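Here is a brisk report on a predicted model. Keep the sequence and the 3D view open while you read.

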Amino acid sequence: MDVNRPLGLLAELTHRCPLHCPYCSNPLELIARDAELSTEDWKSVFSQARELGVLQVHMSGGEPLARPDLPDLVAHANDLGCYVNLVTSGLGLTEARLDDLAARGLAHVQLSMQGATAERANRLAGAKAHDRKLAAAAVIKKSGLPLSLNVVLHRQNHDQLAAIIALAEDLGADRLELANTQYYGWALRNRDALMPTREQLAAAEPVVRAASERLRGRMEIVYVVADYYEPFPKPCMYGWGARQLTVAPDGTVLPCPAATAIKTLKLDNVRDTPLAEIWYRSESFTAYRGEDWMSEPCRTCDRRGIDFGGCRCQAFLLTGDAAATDPVCSRSPNRDVVDLILAAPPARDLVMRG
Amino acid sequence: MSTIGTTSVPRLRVGVKLSFDHVRETHVLLYPEGVLVPNKTAAAVLELCDGVRPVAEITAALGKRFTGVRSDDVLDVLARLGERRIVEWT
């Protein structure tokens, strides 16, 4: 089959993070600082990624500002012709640091927010972070760079949705990403406490629709649905190994950010294997690329070109078989697994990310 | 937005970059969370959108490279790029 060139690289520079969000999708077992790739390793990753076709580089983590070599890495990726995004908690983002990053070619900043009020947001972040995030947003706006706010939604902040949109508007955000929690890594542990109710989702829909309409041309709103409640799965990664790749802090190359969840998947590392080799020929990237791996009901489904069978990680986590239809799908023989989860009584307590 | 015409001045929106991808051998438009491949006409127009030149001047500059360039066609291309949030008017 024809394999497309990748467009995007999610560079998880470090797993270190000042926040303790209970919805964190990074794995339970974080990669330690001394196992992180060196500056030269990362530069090589970016150079290889650009030759492979990557045009968007997302500097992420953890908190990418925890890497003192971030300015160097931004400059390198920009000089290669990549569009460089910074995905940050905002903690540690001073005006001087941001101006330096902007001068080196940073193109866009995505700032996370946990809620609309300091009291709620700090509780959800497990840190006194909210006011510092507001300050970071002001610094980003002052720099002239486009600002996206990323807010993960769940049972414990859905009630603040309208206020979150108003806050984003106040801060002058150009984009607002409202993403219902996806249950991978640490977030999966907290699923019963994070899962929004049907009522919350029903209430959110008209609020988001009205705001998108009202703010058209000023602030773009992206809403990511709570897939467990949907009749069809998300088009995860727009197909396995089709558009994007992720490099973890230690150089492990992942077809999707959550792919370490699939214990049966043999993963490769950029320290040992060239990126192009991994993209085109590795076991991990070829395992679920295209449609040959599909079994019924996906194999003959009229939606297989729309959602690609859904999420491989979710299939593995909920059914034990990464090649199964995503059990979120109403056509999956395992849909009852998801319905049982939705019917379970909610948990009260969140386990904060360690 | 008021009506746009030959005296209007277009520019790339904040956060949008036009560059040439030597791997794919094509112009690409890069913006937050997206990549667009403009056709040759759009790329030629966008290269001239510097936030200073009005549409009339862009049309004239294109006329030196291509034959039969009309300002209406240039406005058409720019209006479509405006709808896609690539271009804004100063």
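## Overall build of chain A

Of the 354 residues in chain A, 49% are buried (20 or more other C-beta atoms within 10 Å of a residue's own; 12 or fewer is exposed, in between is partly exposed, and C-beta atoms are placed from the backbone). The secondary structure of chain A comprises 14 helices and 10 strands. Both are DSSP runs numbered from the N terminus: helices are H or I with at least four residues, strands are E with at least two.

The radius of gyration of chain A is 20 Å, which agrees with the value near 20 Å for a compact globule of 354 residues (taken over C-alpha atoms; the rule is 2.2 Å times the number of residues to the power 0.38). Along the principal axes, the C-alpha atoms of chain A fill a box of roughly 55 × 50 × 40 Å. Take the contacts in chain A between residues at least 6 apart in sequence: 73% join residues at least 24 apart. A contact means C-beta atoms, placed from the backbone, within 7 Å.

## Basis of the model

Residues are numbered from 1 along each chain as its sequence is written, while chains are lettered from A and ligands numbered from 1 in the order written. The model is predicted: local features need pLDDT of at least 70, side-chain atom pairs count only at pLDDT 80 or more, and totals for chains, interfaces and linings use all residues.

## Where the chains meet

The contact takes 16 residues from chain A and 11 residues from chain B. On the chain B side, strands S2 (17-21) and S3 (26-31) each supply at least two residues. S2(B) gives the most, with three residues. By class, the chain B side has six nonpolar, two polar and three charged residues. Nonpolar covers Ala, Val, Leu, Ile, Met, Phe, Trp, Tyr, Cys and Pro; charged covers Asp, Glu, Lys and Arg; the others, Gly among them, are polar.

## Two helix pairs

In chain B, helix H2 (residues 55-65) packs on helix H3 (residues 71-83) at about 110°, with axes 9 Å apart. Axes are lines fitted to C-alpha atoms, for helices over the stretch in contact, and angles run from 0 to 180 degrees between N-to-C directions. H2(B) and H3(B) are therefore roughly perpendicular (65 to 115 degrees; under 35 is roughly parallel, over 145 roughly antiparallel, the rest oblique). Val55(B), Ala56(B), Ile58(B), Thr59(B) and Leu62(B) of H2(B) meet Ser71(B), Val74(B), Leu75(B) and Leu78(B) of H3(B). This contact has seven nonpolar, two polar and no charged residues.

In chain A, helix H1 (residues 39-52) and helix H2 (residues 70-79) pack at about 20°, with axes 10 Å apart. That makes H1(A) roughly parallel to H2(A). Thr39(A), Trp42(A), Lys43(A) and Phe46(A) in H1(A) meet Asp72(A), Leu73(A), His76(A) and Ala77(A) in H2(A). Here the classes are four nonpolar, two polar and two charged.

## An enclosed helix and a loop residue

Helix H13 (residues 312-319) of chain A has six of its eight residues buried, so it is largely enclosed by the rest of the structure. Among them are Cys313(A), Phe316(A) and Leu318(A). The buried residues of H13(A) pack against helix H14 (335-343) of chain A. Gly320(A) follows H13(A), with a positive phi near 85°.

Met294(A) sits in the loop between helix H11 (283-286) and helix H12 (304-307) of chain A. Met294(A) is partly exposed, with 18 other C-beta atoms within 10 Å. Beyond its neighbours within four places in sequence, Met294(A) contacts Arg299(A), Arg304(A) and Gly309(A).

Notes: Two residues are in contact if their C-beta atoms, placed from the backbone, lie within 7 Å.
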